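I opened the notebook to work through one model, element by element. These are my entries, in the order I looked things up.

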Amino acid sequence: MRKAWVVAIGFFLICAFVVGAVSNGWLDSSAPLAILPTRMPSTPDPSQAIKLQIVYSSEKDIWLKQTVNTWLATKPTVDGKPIQVELISRGSQEIVSQLEAGSLRPTAISPASSLQITQINAAQIDGKTNLAADTQPLLISPLVLVAYEGSPASKLVKSQDAQFWQALHDGVLLPTRSQKILMSQTSPTTSNSGFQAWVLMAYAYHNKANGLTAADISDPKFVEWLQGYAKNVEQFAESTGSLMQKMVQVGPANYGAAIVYESTALEYLPKSQGRFGKLLLLYPPQNLYSDHPLAILDASWSSADQREAAGLLREFLLEKDQQTTAVQQGFRPVDPDVAIDAADSPFVKYQSAGVQMSIANLAAEPDAATIKAVLDLWNSIEPSVKR
């Protein structure tokens, strides 16, 4: 009997020890004492990595690179396979043309606006239409006119006249350089900001807020009006960022005014201080948003794992922390719960330069046929403009 009690007590002590060891983590392989064999967590095999190629417009370069690196630091996986990301910067319209030409085969794209998504979905790419149907906006940035205070263009900045585009057009055509608006913009075939500017000019000329048509664009009187403007623009740059950089570096002697994204203007406002004078912002009476959509392409060259990984990244980019970071870099968030009116927000800091907290009037985005008509018009005018 005594022997049975000893065995029972010993068995009880062993059980108690095992329970305590498990609850305290003593049986992990990293613990000083590992009595029983434990299962090591599997380590993702780099040779099995899912590789994402994402082509994006350069305006969001800093934000996208920072947030993607933050995401990769969390070691995301799909079915236990690690994810690698290659980011490639292109002009928004270049993304469209290179997809159509077959020289780009990414998993996902993020041009500056949904205008490019409309073009892609209307085109035959990879043997199908609606290649970029799986799309969600990431960030918002309206269009602005940036002008040096005291320049001829600054008179426009002082009022949001409904005749804004006509006044800009007439100022560009003035023969005397000291009175002329020294205007620059980007090429409509490489950059979304230049394309959006021409769409807004067409809307203003035809006194419309929606329903712009290909016939409106090919109207001979409008073509003549736009040609007069285009031939007197100082420069058509390839990208919005490079245009804004030159404006700050060279100054009002050659760059009195430019059409750029609000986010680009906010990025360069602090860089312009102490150089050639104050920069002012004017929002056209009707505007268009660049909504920086991220579209996961339904393409034969990407796998289901790649598309799933791209979806995980997109979800991360839309989280509150990443949207808040975007505000600090001059973008308006798509998340309505993220405010832009914090004391350190650029939207608050630069209100004296004309920054608006809200955008009241938005024009409707044109359809694919109208978009094509605008690009065709530019192609017919381009040989006669300054570059």
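In which sense do S1 and S3 pair, and over how many bridges? I checked, and S1 and S3 are parallel, with eight bridges between them. I keep in mind that this is a predicted model.

**Entry: the sheet**

I picked one residue pair to follow by eye. Val55 has Ile88 of S3 as its bridge partner. I then turned to S4. S1 and S4 also run parallel, joined by three bridges. Here Ile54 has Ala108 of S4 as its bridge partner.

Ala108 also stands opposite Ile296 in S12. S4 covers residues 108-110 and S12 covers residues 293-296. These two strands are antiparallel, with two bridges.

Next I wrote down the whole sheet. It is open, has six strands, and its order is S2-S3-S1-S4-S12-S5. The pairing is mixed.

I asked how covered S1 is. Six of its eight residues are buried, so I noted it as mostly covered.

**Entry: helices on the sheet**

I looked for helices lying on these strands. H4, residues 114-122, lies across S4, S5 and S12. Its direction is at about 25° to S12. H12, residues 304-317, packs on the sheet too. H12 touches S1, S2, S3, S4, S5 and S12. Its direction makes about 50° with that of S1.

**Entry: helix H2**

I tested the length of H2, residues 61-73. At 1.5 Å a residue, its 13 residues should span 18 Å. The end C-alpha atoms are 18 Å apart, which agrees.

Which residues of H2 are buried? I listed Trp63, Leu64, Thr67, Val68 and Trp71. They cover an arc of only 120° around the axis, so they sit on the same side of H2. I recalled the general rule: an α-helix has 3.6 residues a turn, so residues three or four places apart point the same way.

The buried residues of H2 pack against S1, S3, S6, H12 and H13. The face turned away from that buried side carries the exposed residues Asn69 and Ala73. After H2 comes Lys75, with a positive phi near 55°.

**Entry: Leu99**

I found Leu99 in H3, residues 92-101. Is Leu99 buried or exposed? Its relative accessible area is 2%, and buried means under 20%, so Leu99 is buried. Beyond its neighbours within four places in sequence, Leu99 contacts Leu104, Pro106, Ile109, Ile120, Ile125, Leu297 and Trp301. I also checked Ala123. It is 24 residues from Leu99 in sequence, and the two C-alpha atoms are 9.8 Å apart.

**Entry: the cores**

Which residues touch the most other members of the largest nonpolar core? I found Met183, Trp198 and Tyr229, in a core of 45 residues. H7 gives the largest share, eight residues. Other elements that supply at least two residues each include S6, H6, H9, S9 and H15.

I took a closer look at Met183. Among the residues it touches, beyond four places away in sequence, are Leu145, Leu168, Tyr229 and Ile259.

Definitions and conventions. Residues numbered from 1 in each chain as written. Predicted model: local features only at pLDDT ≥ 70, side-chain atom pairs only at ≥ 80, totals over all residues. Heavy atoms only, no water. Pairing = 2+ DSSP bridges. Helix = DSSP H or I, 4+ residues; strand = E, 2+ residues; numbered from the N terminus. Contact = heavy atoms within 4.5 Å. Axes fitted to C-alpha atoms, helices over the stretch in contact; angles between N-to-C directions. Expected span 1.5 Å × (residues − 1). Buried < 20%, exposed > 50% of the residue type's maximum accessible area, 1.4 Å probe, protein only. Arc of directions from axis to C-beta. Core = buried A, V, L, I, M, F, W, Y, C linked by side-chain atoms within 4.5 Å.
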